[in-house]
Amino acid sequence: MPAILDAQGLNKTFGAVTAAQGVSAAIERDSVVGLIGTNGAGKTTFINMITGYLKPDSGSIRYEGRDITPLPPRDISRLGICRSFQIPQLYSSLTVRENMLMALGILLHNAGLGGFLALGRPNVPGHDAPAEEVADRILERFGLSAYRDRNAQVLPGGMRKLLDIALTMAAKPRVLLLDEPTSGVSAEEKFGIMELIMHAVKAEGATVIFVEHDMEVVSRFAGRVIAFYDGRIIADGPPEAALRDPEVQRFVVGTLNA
Amino acid sequence: MKPDRTPQLLAAVFAAVVVGGLALPQWLLFILTIACAQGLVVLGLNLLIRAGLVSFGQALFYCIGAYTAGGLSRAFGISDLLLQMLAGTASAALAAFVLGFLLARYRGIFFGLLSLALSMIFYGLIVKSETLGSTDGFNLAKATLFGIRPGEAWVRYAVLVAAASATLAAAFLAWRFLKTPLGQLGPAIKDNEIRVEYMGASVRYAIHVNYVIAAALAGAGGALAATTVGHIDPEMAYWTTSGEFVFIAILSGTGSVLAPFLGALIFGAIHTVAFDLSPNTWQMSMGLALLAAIVFLPDGLWSLFARRKTA
């Protein structure tokens with residue numbers, strides 16, 4: 001299968017700290033990839049480089065053959081590469097529903113719809129209904145309907161996380177990057193959240209790259225695991241093989257279970 | 001969700017002003033017209049405040065609008081109020097379009113003080129300009145409307161009706177803008193710029209657009225004030241003028257496009273009464289009024305009418 005995303009030889013340093021050192025990975029279309037590694041191993045840096053938040057010192061990132069390395073986050077996101085955040089990035093003074101309407105409004109705006117002279121309620125691009133209906137539908141799918149009129153600021157942690165991911169998925173991304181989607185969520189909720197996400201992804205058909213510390217979650221949902229250590233990729237393959245890799249055992253799994 | 005009745009409300013207020021104006025004394029017609037002028041500026045200022053940006057320099061565009069109207073009157077003998085307002089709008093918008101490339105990069109206190117600095121530079125320039133009347137400014141001819149100069153008894157009323165019509169149009173357009181996805185971005189930018197960018201929108205572009213619209217409204221307000229008062233001077237660009245607009249904005253709140261006009265009217269009333277009662281300490285009364293507004297009405301006067309449901 002052809003790669004949808006192809007990172008080649010990414011290097012990134014912050015002063016004396018090496019966050020990426022010759023990181024190369026080709027991500028196949030519709031695959032689900034788990035990124036593992038200790039804190040500071042380079043997982044988030046990898047995601048930040050793909051989404052344009054950080055520019056690599058050298059190396060390139062291609063999306064469907066196109067070099068996206070120099071693009072700013074908003075252009076990359078418009079191409080269909082969207083991310084969620086480890087710490088949910090919400091509009092905290094707005095309600096849950098207003099958060100979602102904002103996400104859909106930006107889609108309308110970028111498609112040149114809903115402009116100053118536009119009358120009526122145009123369908124959101126990629127969806128077959130106007131923003132209000134789409135918003136309610138997405139909130140329903142993510143189990144957020146009961147919270148729709150609550151301010152995002154006062155949501156429980158797990159719900160904040162879900163809203164952050166729901167906002168990211170509103171754009172119907174082709175590549176979805178999730179930075180620790182289950183961090184700060186209780187052990188019982190973790191699988192529920194991942195099931196919800198994967199169910200939504202299956203329906204839309206997107207490639208998923210997620211950062212995860214829980215190896216059970218990784219082996220259950222990822223089709224491929226990329227292990228980071230000290231800014232390098234130390235293992236890359238199917239979960240069973242990657243998680244059994246001696247280096248991964250020593251630097252990643254071992255540390256986490258200690 | 002309650003249906004938004006703003007257009008109907010705008011039309012009702014407009015009708016009340018036009019009909020009620022026939023029965024009002026001249027001085028009150030003047031105060032209402034000035035409230036329109038200041039309200040226009042604050043309507044624009046509120047667009048920026050929604051996005052978390054407080055401009056302490058809207059007087060720059062107010063003054064540009066006023067001097068554009070004055071220039072038209074003096075150099076070309078054009079005294080048509082609506083033409084002057086259109087020209088004031090255009091020149092202020094043009095200035096903001098250019099300055100916006102710089103301003104849109106800044107946030108918080110830097111945005112506020114940079115906008116103040118620009119207005120003070122402009123103030124300094126006109127103070128030094130003999131052609132523009134230096135610190136004294138100059139007088140404008142009485143307003144005409146579509147080539148007709150209303151009789152002495154009617155000029156205040158005619159100007160008010162024209163001002164209210166232009167204001168109605170501006171408030172309606174602003175309301176419409178706030179319904180568009182771009183217009184709605186303000187609070188999102190205030191809350192979380194990172195999220196806005198990662199959803200594929202340009203924060204800088206959105207701020208630039210809001211900045212230009214705010215300036216256009218201030219320019220219209222400045223031109224209206226110029227003709228209504230019949231005199232312009234550099235004080236219109238001075239930072240205390242900007243301060244008054246921020247005062248009115250705080251008093252009004254961002255709850256509705258009508259709020260700035262109500263706020264400006266109340267501001268005018270407080271100002272008049274304070275000046276009447278204590279000509280030497282009226283600033284203190286204004287300060288107390290502002291203090292009371294901030295303490296008791298943190299969301300502005302409009303919050304008295306529209307108590308937001310809290311879930």
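This is a predicted model: local features need pLDDT of at least 70, side-chain atom pairs count only at pLDDT 80 or more; totals for chains, interfaces and linings use all residues.
In which loop of chain A does A:K172 lie? This residue is found in the loop between α5 (157-169) and β7 of chain A.

**The six-stranded sheet of chain A**

- One open sheet of chain A has six strands in the order β6-β7-β8-β3-β9-β10, and its pairing is mixed.
- Its edges are formed by β6 (81-83) and β10 (232-237) of chain A, each of which pairs on one side only.
- From one strand to the next, the twist averages 15°.
- Helix α1 (residues 43-50) of chain A packs on this sheet, where it touches β3, β6, β7 (175-178), β8 (207-211) and β9 of chain A. The direction of this helix makes about 145° with that of β8(A).

**Strand β3 of chain A and its two partners**

- Strand β3 (residues 32-36) of chain A pairs in the parallel sense with strand β9 (residues 224-229) of chain A, over four bridges.
- Within this pairing, A:L35 has A:I226 of β9(A) as its bridge partner, and A:V33 stands opposite A:R224 in β9(A).
- β3(A) also runs parallel to β8(A), and four bridges join the two strands. Here the bridge partner of A:L35 is A:V211 in β8(A).
- β3(A) is mostly covered, with five of its five residues buried.
- In a regular strand, side chains alternate between the two faces of the sheet. In β3(A), A:V32, A:G34 and A:I36 point one way, while A:V33 and A:L35 point the other way, and all are buried.

**The four-stranded sheet of chain A**

- A second open sheet has four strands of chain A in the order β2-β1-β4-β5, with antiparallel pairing.
- The edge strands are β2 (17-28) and β5 (66-67) of chain A, and each pairs on one side only.
- Strand β1 (residues 3-14) and strand β4 (residues 58-63) of chain A run antiparallel and are joined by five bridges. In this pairing, A:L5 stands opposite A:Y63 in β4(A).

- Helix α4 (residues 81-103) of chain B has 23 residues, so at 1.5 Å a residue it should span 33 Å; its end C-alpha atoms are 31 Å apart, which agrees.
- α4(B) has a kink of about 30°, centred on B:F97.
- α6(B) has 25 residues, so at 1.5 Å a residue it should span 36 Å; its end C-alpha atoms are 36 Å apart, which agrees.
- Several residues of α6(B) are buried, among them B:R156, B:V159, B:L160, B:T167 and B:A174.
- The buried residues of α6(B) pack against α1 (6-21), α2 (26-50), α4 and α9 (203-229) of chain B.

**The contact between chains A and B**

- Chain B contributes 19 residues to the contact, and chain A contributes 24 residues.
- On the side of chain B that touches chain A, α6 (155-179), α7 (181-191) and α8 (193-198) of chain B each supply at least two residues.
- The largest share of that side of chain B, six residues, comes from α7(B).
- By class, the side of chain B that touches chain A has ten nonpolar, five polar and four charged residues.

**Single residues**

- A:K172 has a phi near 50°, a positive value in a residue other than glycine. A:K172 has 17 other C-beta atoms within 10 Å and is therefore partly exposed, as the partly exposed class lies between 12 or fewer for exposed and 20 or more for buried.
- B:F146 also has a positive phi, of about 50°, although it is not a glycine. B:F146 is placed in the loop between β1 (138-139) and α6 of chain B.
- B:F146 counts as exposed because it has 9 C-beta neighbours inside 10 Å.
- A:V253 is placed in helix α9 (residues 246-257) of chain A. With 18 C-beta neighbours inside 10 Å, A:V253 counts as partly exposed.
- Not counting residues up to four places away in sequence, A:V253 touches A:M215, A:L243 and A:V248.
- A:V253 and A:D214 are 39 residues apart along the chain, and their C-alpha atoms are separated by 9.4 Å.

Key: Residues are numbered from 1 along each chain as its sequence is written. Chains are lettered from A and ligands numbered from 1 in the order in which they are written. Two residues are in contact if their C-beta atoms, placed from the backbone, lie within 7 Å. Ala, Val, Leu, Ile, Met, Phe, Trp, Tyr, Cys and Pro count as nonpolar, Asp, Glu, Lys and Arg as charged, and the others, Gly among them, as polar. The expected span of a helix is 1.5 Å times one less than its number of residues. The bend at a residue is the angle between axes fitted to the seven residues ending there and the seven starting there. Two strands pair if DSSP finds at least two bridges between them. Axes are lines fitted to C-alpha atoms, for helices over the stretch in contact, and angles run from 0 to 180 degrees between N-to-C directions.
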